[in-house]
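User: I am new to this structure and would like a walk through some of its parts. Please show it to me before we start.

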Amino acid sequence: MRLTVGITQLLPEWEIVIQQIGVSFEIISLKEPISADQFSVVIVTTKGAKNEKDVLLHYLNSGGSILTEAEVGKWLFNIGIVPAFVNTIEPTKDPIFNGVLPGFIQMRLFLPRKGDILDSESGRKLVQIYTSGKGTAIILPGGFSKIILDTGVSRRNFPTRAPLLPSERVTRMSKHTIREVTQRSLEYLHFVRQLPFLSLSPFPDEKQSIFNFRIDTDSATEEEIDSLYQLCLNRGTSATWFVETKSARDRIGQFARMQNQEIGLHCYRHKVSRNYSFNKLNIEKGCRALKIANIPFCGYAAPYGEWNIPLAKTIEEAGFIYSSEFTLDYDNFPFYPYLRNRFSSVLQIPIHPISTGRLRNARHMEDDIRNYFKDIIQERIEHNLPLFIYDHPSSVNLNVLNWLLQYVNKKGVSTISLKDYAHWWKNRMEIKWTAYFDADKIFIKWKHSNSSIYVLVKKSPKESVLTKMGDVINLSGLKWEKKKTPSKSVTPMALRVQLNSKMIINDFLHFYGRFKQ
């Protein structure tokens, strides 16, 4: 039995999410019959001819599993669908999706009329489990996967124990929620066939999460930068510094002298435009300042966390390996952005977008800030997500940042530079593999193997194990870890989705500040 996911057409949105999840997959042709043993799950992404429909139905009825979306499900299974506006997703007490990170959707999707799982805020069921013969299908909302490609931006509230919610301008729809729902669906479609679910670990070696402290130096003084640098040295933290070079042009050597830190480019002038020529000149001037100081760099992070296609093209042309902008995605795994008709060559590394400055803006005292980051750290570990926190040099924040670096060390989360993670992720994406399951053993054929890559094996929603890449995995010899359901968010989506006066004021100040620069 092959533990490989088949996909009928590798659309850009599906390519992104499949690579993030890290499953073994293969593009399949429906010209010939396929048996239930050929693919553990088949993802059907587009409608086709009648003979292709017949091939898929035969596969399903003979015991296969299918994942698709409602509009394709209508063609394949003759189900009814209905358009509906979906505001948010917050799964609780759901048999498959319980514990998935809640998120914003706020768009019209096409829902299976007989949906029976995954509640929206209105109580409508978004997903249908469909059975036929010996097989099972999960039907997601139509338009669900397309959210991965969305580039819209909105100010969003973030959960906190404090009375006022912090907010930031980020990607308007929660792509991490889309990925988690997709992964849970693939897992269930394996388990219902009594098959293990395999994926490449998103972190090197046996790590459950990784930490990076990213620092954007917007107009920071020499003293502020030196104080934060000394804090990093004292805590043994290799931070990633994105330099705004205009204010630092007469003392750029301060960054050249840093030890065990990564340096990247933030900008020359702290501004982002949709004008290609402006962005190109701004990046060229910033790069020139770093090169004159003999500072090696390969990463870029745009001012305000903003991303657009003209900017993406200038980042490519400047030769960056990766960039990091939370208006494209946040709290998620790396991916290559899709530029309308092709993928970018620059890897995108999402981070957590709320800094201590945003928390103070929401009237958080120091204890509130500590509690906020305690919850964030716990949530990232529970969801096996990177813990990438960013901030700015400021004497006001030194105490709480000192506590944060100590707390991360206490939790045993390893630190990595964004540069090293980008290189590691690229190696992960190059790995090609096929797995076979027989008599409680998994046999794997590898191409481009890497000793730092581990495989995550799940045999049920609550039983998993990380194991080294190898040719044979004996399931009976593994030490299975019992996983608890992730903690519930401290702030329900019903509150996070509400617009408040503080958000309006912050947006006004954001646009006024950009206009003045």
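User: What covers the buried residues of α9?

Analyst: The cover includes α8 (276–292), β16 (299–300) and β17 (322–323), where helices (H or I, at least four residues) and strands (E, at least two) are DSSP runs numbered from the N terminus. Please keep in mind that this is a predicted model, in which local features need pLDDT of at least 70 and side-chain atom pairs count only at pLDDT 80 or more, while totals for chains, interfaces and linings use all residues. Residues are numbered from 1 along each chain as its sequence is written, and side-chain values use heavy atoms, with hydrogens and water left out.

User: And which residues of α9 are buried?

Analyst: In α9, which spans residues 309–317, they are Ile 309, Leu 311, Ala 312, Thr 314, Ile 315 and Glu 316. Buried here means under 20% relative accessible area, exposed means over 50%, and partly exposed is in between (1.4 Å probe, protein chains only).

User: What caps the N-terminal end of α9, and what follows α9?

Analyst: The cap is Asn 308, which has a side-chain oxygen 2.8 Å from the backbone nitrogen of Leu 311. After α9 comes Gly 319, with a positive phi near 85°.

User: What is Thr 182 in contact with, leaving aside neighbours within four places in sequence?

Analyst: Those partners are Trp 14, Val 17, Ile 21, Leu 67 and Phe 144, with contact meaning heavy atoms within 4.5 Å.

User: Now the helix pairs. At what angle do α5 and α12 pack?

Analyst: Helix α5 (residues 222–234) and helix α12 (residues 398–410) pack at about 20°, and their axes are 10 Å apart. That makes α5 roughly parallel to α12. Axes are lines fitted to C-alpha atoms, for helices over the stretch in contact, and angles run from 0 to 180 degrees between N-to-C directions; under 35 degrees counts as roughly parallel, over 145 as roughly antiparallel, 65 to 115 as roughly perpendicular and the rest as oblique.

User: Which residues make that contact of α5 and α12?

Analyst: From α5 there are Ser 227, Leu 228 and Leu 231, and from α12 there are Leu 398, Leu 401, Asn 402 and Leu 405. By class, this contact of α5 with α12 has 5 nonpolar, 2 polar and no charged residues; Ala, Val, Leu, Ile, Met, Phe, Trp, Tyr, Cys and Pro count as nonpolar, Asp, Glu, Lys and Arg as charged, and the others, Gly among them, as polar.

User: How do α11 and α12 pack?

Analyst: Helix α11 (residues 366–382) packs with α12 at about 30°, with the axes 10 Å apart, and the two are therefore roughly parallel to each other. In α11, Glu 366, Ile 369, Arg 370, Phe 373, Lys 374 and Ile 377 meet Asn 399, Val 400, Trp 403, Leu 404, Tyr 407 and Val 408 in α12. By class, the contact of α11 with α12 has 8 nonpolar, 1 polar and 3 charged residues.

User: Last one: where does Asp 205 lie?

Analyst: Asp 205 is in the loop between β12 (197–200) and β13 (210–216), and its phi is positive, about 55°, although it is not a glycine.

Notes. A polar contact is a pair of N or O atoms within 3.5 Å; within protein, one must be able to donate a hydrogen and the other to accept it, and residues adjacent in sequence count only if both atoms are side-chain atoms.
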